[in-house]
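Please keep the sequence and the structure in view while reading.

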Amino acid sequence: WFGADALAAAQIVNQYVILCVMVYIGLSAATSIVTSRAYACNDYALIKSYTLTGIGLISVYFLFISVIFIFFPTPLIDLFLDTTYI
């Protein structure tokens with residue numbers, strides 16, 4: 001209904017969203033596993049450390065992704081489309 005350009009743009013966005021969510025879920029699962037193990041040992045200081053580290057890693061990851069998306073959009077688009085003629 002919107003045309004081939006809109007469909008291509010939607011597919012590109014979907015691919016990048018899937019990539020971002022995949023890494024986020026992996027980091028969240030890893031943080032959950034080590035936190036659960038520390039909880040089983042009743043080590044509350046380690047739980048706090050693991051939780052803050054997990055939040056920090058996820059924040060750094062999304063900051064990195066945001067910088068790439070904001071400052072380097074053309075190379076990301078060029079991975080999917082040939083924009084040399086545009």
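Tyr61 has a relative accessibility of 15%, so it counts as buried, the cut-off being under 20%. The model is a predicted one.

Tyr61 forms an aromatic pair with Phe62. Tyr24 is located in helix α1, and its relative accessibility of 36% makes it partly exposed.

## Aromatic pairs

How many aromatic pairs does the structure hold? There are four aromatic pairs. In one of them, Tyr16 and Phe69, the ring centres are 5.5 Å apart and the planes are at 70°, so this pair is edge-to-face; the cut-off for that class is over 60 degrees. The pair connects distant parts of the chain, since Tyr16 belongs to helix α1 and Phe69 to helix α2, 53 residues apart.

Is Tyr16 buried or exposed? With 14% relative accessibility, Tyr16 counts as buried. Phe69, at 35%, counts as partly exposed.

Val13, Val17, Val21, Tyr24, Ile25 and Phe62 make a nonpolar surface patch of about 510 Å². Helix α1, which covers residues 4-40, supplies five residues, the largest share of this patch.

## Overall form

The secondary structure consists of three helices and zero strands, giving the pattern α-α-α along the sequence. The C-alpha trace spans about 60 × 25 × 15 Å along its principal axes.

The radius of gyration is 19 Å, whereas a compact globule of 86 residues would have one near 12 Å. Of the 86 residues, 14% count as buried; Tyr16 and Tyr61 are among the buried residues.

## Confidence of the model

The average pLDDT of the protein is 87, and 94% of the residues score at least 70. Which helix has the highest confidence, and which the lowest? Confidence is highest in helix α2 (residues 44-71), with a mean of 93, and lowest in helix α3 (residues 73-78), with a mean of 81.

Conventions
Residues are numbered from 1 along each chain as its sequence is written. This is a predicted model: local features need pLDDT of at least 70, side-chain atom pairs count only at pLDDT 80 or more; totals for chains, interfaces and linings use all residues. Side-chain values use heavy atoms; hydrogens and water are left out. pLDDT is the predictor's confidence in each residue, from 0 to 100. Helices (H or I, at least four residues) and strands (E, at least two) are DSSP runs, numbered from the N terminus. Patches are made of residues with over 30% relative accessible area and no salt bridge: like charges are joined within 9 Å, nonpolar side chains (Val, Leu, Ile, Met, Phe, Trp, Tyr) within 5 Å. Accessible areas come from the Shrake-Rupley method with a 1.4 Å probe; for residues, only the protein chains shown count as cover. A salt bridge is a side-chain nitrogen of Lys or Arg within 4 Å of a carboxyl oxygen of Asp or Glu. Buried means under 20% relative accessible area, exposed over 50%, partly exposed in between (1.4 Å probe, protein chains only). Rings of Phe, Tyr and Trp (its six-membered ring) pair if their centres lie within 6.5 Å; planes under 30 degrees apart count as stacked, over 60 as edge-to-face and the rest as tilted. The radius of gyration is taken over C-alpha atoms; the globule rule is 2.2 Å times the number of residues to the power 0.38.
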